[in-house]
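Keep the sequence and the structure in view while reading.

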Amino acid sequence: RVGHNLTFSHIEKQPKMVCSKYSLSALAVVLSAASAFTSIQSCSKRPTFLKQAVSYEEAQKKEVDNLTGKPTGNAFLSDEVLERIAKKSNPIEKWKLKQDTSTAWTDVYDFAAKIRAGELDWKDVEGSDFDGRLKYVGLVHRNKRTPGQFMMRLKVPNGIINADQLRFYADCVEKYGPEKGVVDITTRANIQLRGVKLEDADTIIDGLHARNQTSFQSALDSVRNMVGSPLAGIDDQEQVDTRELCNALNDLVSLDPVTNTRGNPVWANLPRKFNICVSGSRDDYAHTHINDIGLVPTEHAETGEMGFNVVLGGYMSIKRVAASIHSNMWIKSDRETVVTFCEAILRIFRDEADRKDRQKARLMWLLEKYGVEEGKAA
């Protein structure tokens, strides 16, 4: 985001560093200098994220989806990343490379129309589509309990909905009956619609978009729902109102910056899922310790300005539970700073994280690879 200033400061009283009119390369240098990756300077493995990322304009020249007019998600991957996937990667990476995930945003309409017309049966949809690519429109097939029906995950930044949206959810699932047609409220303050059939998916998606919501990029290797404070705007102990920031971050990852439509190909091919949360008070309702990026409201040690300490790399899986680590960074709490910072981390994650072993493809493993203290101890 050329032309904007961004200030990074150490959590302790340290001189500020200002980066103006930066590219990703310049920003990565600032991140390194500010110890975003702890002790990276003393690590023998040098990162390649100092290279300039593929821009939207460059991606358009590489590959465009004829139906949407948008660059494909794969077009935003550098030649080095594409070569790495082609040589050594897991099966999911290979099918993402073979059939771009962003095409699911239009293919779901085609599938729905053909099923309604009797030209297609859900059983005839290719397995990698039914159980894989459709996750990029939020459709997760529940084959064991409800064959042919999906859980549709939405994106509800900061967990805020209104009465019209809630009625819409109920109308969407009512036809599937009380056992299958269920609305979930998740631990990330998100909404999931259960029982959804593929022939109804396009109508639900249109209804969501008409209500400024989406299900796109909510599952599999996507940035998940933006978690903020459940008491945003009404907490008498609030330090930062998280609502605007969660909405802005949601738009960063799911709104195309050029067409202004849902589905952002820039982030359509991440190595794994990615969690971001913004805490609004010392109570830390957002649980910054288990998110890839956690923003902890803190006054600047010298100026007293309210901003965020940044913690990175937290996650839980069946193989490992890792608490986030302090990055020794403080950033301002305004919308532009928060969005730009998270965008830079996401670019590094997309282009650098492991594409071979999915169990090691989360941000924490990347941090350790480049020299955090936990990695040294190991």
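The model is predicted: local features need pLDDT of at least 70, side-chain atom pairs count only at pLDDT 80 or more, and totals for chains, interfaces and linings use all residues. Residues are numbered from 1 along each chain as its sequence is written, and side-chain values use heavy atoms, with hydrogens and water left out.

Helices (H or I, at least four residues) and strands (E, at least two) are DSSP runs, numbered from the N terminus. Helix α5 covers residues 104-116 and helix α9 covers residues 198-210; their axes lie 7 Å apart and the packing angle is about 130°. Axes are lines fitted to C-alpha atoms, for helices over the stretch in contact, and angles run from 0 to 180 degrees between N-to-C directions. The two helices are therefore oblique to each other; angles under 35 degrees count as roughly parallel, over 145 as roughly antiparallel, 65 to 115 as roughly perpendicular and the rest as oblique.

On the α5 side, the contact (heavy atoms within 4.5 Å) is made by V108, Y109, F111, A112, I115 and R116, and on the α9 side by L198, E199, A201, D202, I205 and D206. Sorted by class, this contact has 8 nonpolar, no polar and 4 charged residues. Here Ala, Val, Leu, Ile, Met, Phe, Trp, Tyr, Cys and Pro count as nonpolar, Asp, Glu, Lys and Arg as charged, and the others, Gly among them, as polar.

Which residues of α9 are buried? They are L198, D200, A201, D202, I204, I205, G207 and L208, where buried means under 20% relative accessible area (1.4 Å probe, protein chains only). Their cover includes α5, α6 (127-130), β3 (139-141), β4 (149-153), α7 (163-174) and β6 (191-197). After α9 comes N212, whose phi is positive, near 60°.

N158 lies in the loop between β4 and α7, and Q217 in the loop between α9 and α10 (243-254).

T288 is in the loop between β7 (276-278) and β8 (293-299). T288 counts as buried because its relative accessibility is 5%. Leaving aside residues up to four places away in sequence, T288 touches C277, S279, G294, L295, V296, V311 and S324.

How values were computed
Buried < 20%, exposed > 50% of the residue type's maximum accessible area, 1.4 Å probe, protein only.
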